Amino acid sequence: MPDVGAQPIPTYGPASNGHSNRQHNQHRGPPAGSLPIICWQLSLNREYTKEEYDACHKVVSQCVEHTKVQYNPRDSDSFRQLMTLMLPLLMMRHRRIPRAKWKDESTASGKRWIEQAQDGMTPERFMQSMIGYHSGFEGSLCSMIMVQGSKHRVVNIGIGVKQVVVEPRGVTVSAYVESQSHKLTPLELANITQDQNDETILRRLCIVLALKQAYIKAIGHPLGFDYSRLEFNVPARTAMGDGYPLTGWEFRLWRTTLGVARRDQLVNESYECVVAFFRGTNDSRFIFYDTAEQLNSWVQFINIDQMVKVIPKLTA
């Protein structure tokens, strides 16, 4: 199992025992007896007010010790960061655990986990009560992924989110793919561009980039990691790193679509999302969630109004 607090490069396991076909033998849920994963996704579905920014900044300043957010109500990225930092507070509030009863910890590589107060738990139960999580934001979507168990297992989790849009805005899809090609292997580039439809090409690119981002975050590597060292062959459901199979990993893939109010217009935004979690199995699994019913079993969707409403309770 990877020790993300110590490994300078990814750890790769033995060769895979085979990969399923999405149409015929696709995994539709986590294996029996595995650690359950929970995801929170918050939609920045409208503009925020200065009063809302101030309330969020106050909560983060009081309750999030490991990050200081510079006060800047005019900066939308600052507000996105505040909302993202509040997601662990909301998650623990949802679990009815007071803020004074848990600590937000970090490994040497920056992987975060939550340690609850032992408070009468047996040593065995206490060791299994650690909560590993990873959070971040992209565009109008703030996300947090979490799993509970022993520390050395739960920290191996990461989330990758890629908005389905070209950058900079207005460039062609082919130009955008070319600008991202240094992050891809020749096989990935061929899989992405084998269709002539721009929408399909863009989505395929975003899926591969989200997969790489989720894995890199899960192993705790810093910025600057060479994406081309990883190869995700999505049609074949295989994952490679430095030419070796990535084994023991579970990759969950889904699409989140938002309706976002921008002044007097409603704008639809689409995001490709991936969770990477090391389960230590003999193969790697790609799990696709295609319907709301499948997602609702483990993904919780909220918006600005719902977060703001519970702000007074987050410090309790």
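This is a predicted model: local features need pLDDT of at least 70, side-chain atom pairs count only at pLDDT 80 or more; totals for chains, interfaces and linings use all residues.

User: What distance does helix α8 reach from its first C-alpha to its last?

Analyst: Helix α8 covers residues 198-219 and has 22 residues. At 1.5 Å a residue, the expected span is 32 Å. The computed reach from the first C-alpha to the last is close to that expectation, at 32 Å.

User: Are the axes of α6 and α8 roughly parallel or roughly perpendicular?

Analyst: Helix α6 (residues 173-180) packs with α8 at an axis separation of 10 Å and an angle of about 20°. Angles under 35 degrees count as roughly parallel. The two helices, α6 and α8, are therefore roughly parallel.

User: Is glutamine 116 buried or exposed?

Analyst: Glutamine 116 lies in strand β3, residues 112-116. Buried means under 20% relative accessible area. Because its relative accessibility is 12%, glutamine 116 counts as buried.

User: Which residue has its backbone oxygen 2.9 Å from a polar atom of the side chain of glutamine 116?

Analyst: Beyond its neighbours within four places in sequence, glutamine 116 is in contact with several residues, including Met92, Trp102, Phe126, Ser129 and Gln148. The backbone oxygen at 2.9 Å from the glutamine 116 side chain belongs to serine 129.

User: What relative accessibility does serine 78 have?

Analyst: Serine 78 is placed in helix α3, residues 76-94. Leaving aside neighbours within four places in sequence, serine 78 is in contact with Tyr53, Val69, Gln70 and Asn72. Serine 78 counts as buried, because its relative accessibility is 5%.

User: What separates the C-alpha atoms of proline 88 and valine 64?

Analyst: Proline 88 is found in helix α3 and is buried, with a relative accessible area of 4%. Apart from neighbours within four places in sequence, proline 88 is in contact with Trp102, Ile114, Tyr133 and Met144. Proline 88 and valine 64 are 24 residues apart along the chain, and their C-alpha atoms are separated by 9.4 Å.

Terms used. Residues are numbered from 1 along each chain as its sequence is written. Side-chain values use heavy atoms; hydrogens and water are left out. Helices (H or I, at least four residues) and strands (E, at least two) are DSSP runs, numbered from the N terminus. The expected span of a helix is 1.5 Å times one less than its number of residues. Axes are lines fitted to C-alpha atoms, for helices over the stretch in contact, and angles run from 0 to 180 degrees between N-to-C directions. Angles under 35 degrees count as roughly parallel, over 145 as roughly antiparallel, 65 to 115 as roughly perpendicular and the rest as oblique. Buried means under 20% relative accessible area, exposed over 50%, partly exposed in between (1.4 Å probe, protein chains only). A polar contact is a pair of N or O atoms within 3.5 Å; within protein, one must be able to donate a hydrogen and the other to accept it, and residues adjacent in sequence count only if both atoms are side-chain atoms. Contact means heavy atoms within 4.5 Å.
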